[in-house]
Amino acid sequence: MSHATLEPRRDRSRQAFLSRATLITSALLVVGMALVLVLHALPATHPLHVSSATVALLGKYFTYMLLALAVDLIWGYLGILSLGHGAFFALGGYAMGLYLNAQGTALPGWQGLLASFPLAALAVVLAPGILALAFGWLAFRSRVTGVYFSIITQALTFALMLAFNRNEMGMGGSTGLTRFSELLGFRLASDGMTVALFLASGIAVLLAFWLCRAIVVSRLGRVAVATRDAEARVRFLGYRVEHVKLSLFVVSAMLAGIAGALYVPQVGIINPSTFAPLFSIEVVVWVALGGRATLFGALLGALVVNYLKTVLTGAMPDAWLFLLGGLFVVVTMALPRGIAGVLAWRHRQEGAT
Amino acid sequence: MSQSVRTRVQQLRELSRPDRVFDFMLPAQSPVDVRHGPILYLEDVSVSFDGFRAIDRLNLTIDDGELRCIIGPNGAGKTTMMDIITGKTRPDSGQVWFGSRHNLLTLDEPRIANLGIGRKFQKPTVFEALDVSENLELAMAGDRRVWKTLLSRLDGAGQARIDEVLETIGLSGERHRLAGVLSHGQKQWLEIGMLLMQRPRLLLVDEPVAGMTEPEMQRTAELLTRLAGQQSVVVVEHDMGFVREIARKVTVLHQGSVLAEGSLDQVSSDPRVVEVYLGGDEETNAC
């Protein structure tokens, strides 16, 4: 081994939009989606057949992956740990839920407006976006950082959970919104719709992945990383740190909103428990396990943890939370850079020999 | 009646004169005006923290192109003074002007930085997760707005500027190394390089040679002396050997105000300075 390999080398290709990891991740997403479609098209008696229920489950994983991407963009690259991203996810979900409820029945007041799909789609990104803008403007302008910011995001999502629990909100109270029937004039409970939603979610993940990648490799992305590591220095270089934070926070909230909107028709319900602080913390655990500050790590973490959750809550429902907690502790201590860190390390080892 | 109409017309003409621009339409960053005086001017500045007067009626002027050393014992208010100039701390009273046009007390940190005041921290602060040339690229003077930053790409002129600064700070061979793996001295130079990328008019440098080896110190001295003349440089330093190497004019701070000012020989023979700062055995060392 030559001397040069002893120190972390800077891989220049990492700066390009199409890095190795980006290509592999994009390819895996596309191939994965195609494979699921093919297997789903097999006759139901075939041993490799993927059922409608599994397709819906995978579609749900995609929305979680999108949410993890949103959290990683601001936590991994900007150092803002939001423990309330479930709030933005839920707001997008409620906007979609109202749209679905408005099909066939006339909703009262402003909610009636959401019967139109374009308006509902707008609400899906604007509701989380505006909340993030107002909340972020207040927080970043006052230079609230670190754990203090995390705590107030918890308070934010908790307050929203209490509000949405109330029947006066007109959001279905503690039951939430459910009993959806149609989306864009098509019946929700049909196989074609399940596949369409699965595809839409997968494509959303792919597009969001490319968007985040473009942001991360831009000069703004490097300013973000610089802010994460030495905020005062960035400020004295003349950048408006609060504007950088605010813009990425809003983008992240909007991505979370889109994830929520795709989640609701696939799961068939949205209720205030999505605002629960615990859910938002779980999202952070996905990202930490997958590998913070690597976009594919966030995707991988969301997929792996949620797959484990599906398997284990079926097998031993009581043990799941202990396992999740234990996994988090072990990964934080043994693999501080998550699964992605292990993969990158293996890759470097191969390159060195 | 016609008189007032004429006045009105006069006013209108005045308003619509094509050869003039309204004040509010002028760019906020009008150039620094040093025709009528110093580049930095502090008058009667005071600030207290919890009753402790960190800066006490401080007066200081820095001329354009000057290299000034500021020395003083711990707690003399050196770092607080830099905080005030760069907008981090607001003084309780006094005035701070950059050129004769910019009242620094009305501006915040990014705006002051964009006016052309660069600051080097006491502890070397570089972006460790980025490589050396990326560090310089982020510091490059340019449009700092979010959208522009997102879309901006490094052009030929920018690359040339980065190469030039890399040459100046002697890190050309390290351009693709992560800033985090540089030695302490190299980080200090990189940070000075980042300040140069900003094309500042005034550089504030806080203890540049703390923790440096003798050869590194020599190189830093050369670097700073070379910079003076192109821009004004204010160096806060403890190390008397280093100060002797670079100083043309020295200001001694003590308890938040200026105790003495002049050449190093002048101030180090000033009995008050000897008493408060240089002390017994260090006296011989300094002279």
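In the predicted model, chain B contains twelve helices and ten strands. Of the 287 residues in chain B, 43% are buried. Contacts that join residues at least 24 apart account for 67% of those in chain B between residues at least 6 apart in sequence.

The secondary structure of chain A consists of 13 helices and four strands. Chain A has a radius of gyration of 21 Å, close to the 20 Å that the globule rule gives for 353 residues, and is therefore as compact as a globular protein of that length. The C-alpha trace of chain A extends over about 70 × 55 × 40 Å along its principal axes. Buried residues amount to 43% of the 353 residues in chain A. When contacts in chain A between residues at least 6 apart in sequence are considered, 76% join residues at least 24 apart.

The largest nonpolar core comprises 173 residues, of which A:Leu66, A:Ala68, A:Leu69 and A:Ala95 touch the most other members. Helix α2 of chain A (residues 52-78) supplies the largest share of this core, with 18 residues. With residues up to four places away in sequence left out, A:Ala68 touches A:Val283, A:Trp286, A:Val287, A:Gly290, A:Ala298, A:Leu299, A:Gly301 and A:Ala302.

Helix α10 (residues 277-290) and helix α11 (residues 295-315) of chain A pack at an angle of about 115 degrees, and their axes are 7 Å apart. The crossing of α10(A) past α11(A) is right-handed. By residue class, the contact of α10(A) with α11(A) contains ten nonpolar and three polar residues and no charged residues.

Two loop residues of chain A were considered individually. A:Ile80 is located in the loop between α2 and α3 (85-101) of chain A. A:Ile80 counts as buried because it has 25 C-beta neighbours inside 10 Å, the threshold for burial being 20 or more. Apart from residues up to four places away in sequence, A:Ile80 touches A:Ile74, A:Trp75, A:Phe149, A:Lys245 and A:Phe249. The C-alpha atoms of A:Ile80 and A:Val267 are separated by 29 Å, and these two residues lie 187 residues apart along the chain. A:Arg143, in turn, is found in the loop between α4 (117-141) and α5 (146-165) of chain A. Although A:Arg143 is not a glycine, its phi is positive, at about 55 degrees. A:Arg143 counts as partly exposed because it has 13 C-beta neighbours inside 10 Å.

A positive phi is also found in chain B, where the value for B:Asp44, a residue other than glycine, is near 55 degrees. B:Asp44 belongs to strand β1 (residues 40-49) of chain B. With 13 other C-beta atoms within 10 Å, B:Asp44 is partly exposed.

At the interface between the chains, 24 residues of chain A are in contact with 26 residues of chain B. On the side of chain A that touches chain B, the elements giving two or more residues are α7 (219-229), α8 (231-236) and α9 (241-267) of chain A. The largest share of this side, seven residues, is provided by α7(A). The residues of chain A on this side comprise eleven nonpolar, four polar and nine charged.

Helix α7 of chain A is also part of what covers the buried residues of α4(B). Helix α4 of chain B (residues 132-139) has eight of its eight residues buried and is therefore largely enclosed by the rest of the structure. These buried residues are B:Val132, B:Ser133, B:Glu134, B:Asn135, B:Leu136, B:Glu137, B:Leu138 and B:Ala139. Their cover includes, together with α7 of chain A, the helices α6 (156-169) and α7 (184-197) of chain B.

Methods. Residues are numbered from 1 along each chain as its sequence is written. Chains are lettered from A and ligands numbered from 1 in the order in which they are written. This is a predicted model: local features need pLDDT of at least 70, side-chain atom pairs count only at pLDDT 80 or more; totals for chains, interfaces and linings use all residues. A nonpolar core is a set of buried Ala, Val, Leu, Ile, Met, Phe, Trp, Tyr and Cys residues joined through C-beta atoms within 7 Å. A residue is buried if 20 or more other C-beta atoms lie within 10 Å of its own, exposed if 12 or fewer, and partly exposed in between; C-beta atoms are placed from the backbone. Two residues are in contact if their C-beta atoms, placed from the backbone, lie within 7 Å. Ala, Val, Leu, Ile, Met, Phe, Trp, Tyr, Cys and Pro count as nonpolar, Asp, Glu, Lys and Arg as charged, and the others, Gly among them, as polar. Axes are lines fitted to C-alpha atoms, for helices over the stretch in contact, and angles run from 0 to 180 degrees between N-to-C directions. A crossing is left-handed if the near helix is turned anticlockwise from the far one by less than a right angle, and right-handed if clockwise. The radius of gyration is taken over C-alpha atoms; the globule rule is 2.2 Å times the number of residues to the power 0.38.
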